Amino acid sequence: APVEQRSDRAHAYRKVSVETSVEQADPHHLVDMLFDGLLHAVGAARAALQRGDIKAKCQHIVTAVRILEEGLKGGLNLQEGGELAGNLLELYNYCVLRLTQANARNDDKALDEVVRLISPLADGWKQIGSNAAAAAQPM
């Protein structure tokens with residue numbers, strides 16, 4: 001098969017795979033997927049910036065901002081989440097600001113800052129999931 005056809009099939013497979021993963025995921029796993037997607041998008045933006053591919057950099061940053069705005073911020077419960085939810089909202093807003101600045105200024109340091117701010121949060125979230133899964137296992 002021509003390369004273009006294989007590429008289209010691979011894209012369709014990945015899309016179906018991601019959609020299936022999302023449909024079957026529990027809320028904890030969905031947030032985990034959002035963190036992974038955010039860090040992947042920022043990493044891809046950094047790589048595109050290093051290559052001088054400004055169009056791809058912009059696309060990846062837009063993806064990262066959408067994950068923050070529509071996914072992570074959208075999942076916060078500010079009424080019941082107390083101070084933690086408020087702090088996360090501030091962090092996510094700051095990351096959106098830094099991503100916007102990185103996009104406008106081609107600023108790798110701003111992209112790196114977002115990775116350094118989000119990575120510990122993503123790692124902690126994964127740890128919570130691992131500990132909860134281990135606790136749920138019958139002895």
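Modeller: The expected span of a helix is 1.5 Å times one less than its number of residues, a helix being a DSSP run (H or I) of at least four residues, numbered from the N terminus. The model is predicted: local features need pLDDT of at least 70 and side-chain atom pairs pLDDT 80 or more, while totals for chains, interfaces and linings use all residues. Residues are numbered from 1 along each chain as its sequence is written, and side-chain values use heavy atoms, without hydrogens or water.

I take helix H2, which runs over 27–51. With its 25 residues, H2 reaches 36 Å from first C-alpha to last, close to the expected 36 Å. The N-terminal end of H2 is capped by Asp26, a side-chain oxygen of which lies 2.9 Å from the backbone nitrogen of His28. Just after H2, Gly52 adopts a positive phi of about 80 degrees.

Among the buried residues of H2 are Asp32, Phe35, Leu38, Val42 and Leu49 (buried: under 20% relative accessible area, 1.4 Å probe, protein chains only). Leu38 is one of the residues with the most contacts inside the largest nonpolar core, which has 24 residues (a core joins buried Ala, Val, Leu, Ile, Met, Phe, Trp, Tyr and Cys through side-chain atoms within 4.5 Å). H2, H3 (54–72), H4 (82–105) and H5 (108–136) each supply at least two residues of this core. Beyond its neighbours within four places in sequence, Leu38 is in contact (heavy atoms within 4.5 Å) with Ala64, Ile67, Leu68, Leu72 and Ile118. In soluble globular proteins, nonpolar side chains tend to be buried together.

How values were computed:
Buried means under 20% relative accessible area, exposed over 50%, partly exposed in between (1.4 Å probe, protein chains only). A polar contact is a pair of N or O atoms within 3.5 Å; within protein, one must be able to donate a hydrogen and the other to accept it, and residues adjacent in sequence count only if both atoms are side-chain atoms.
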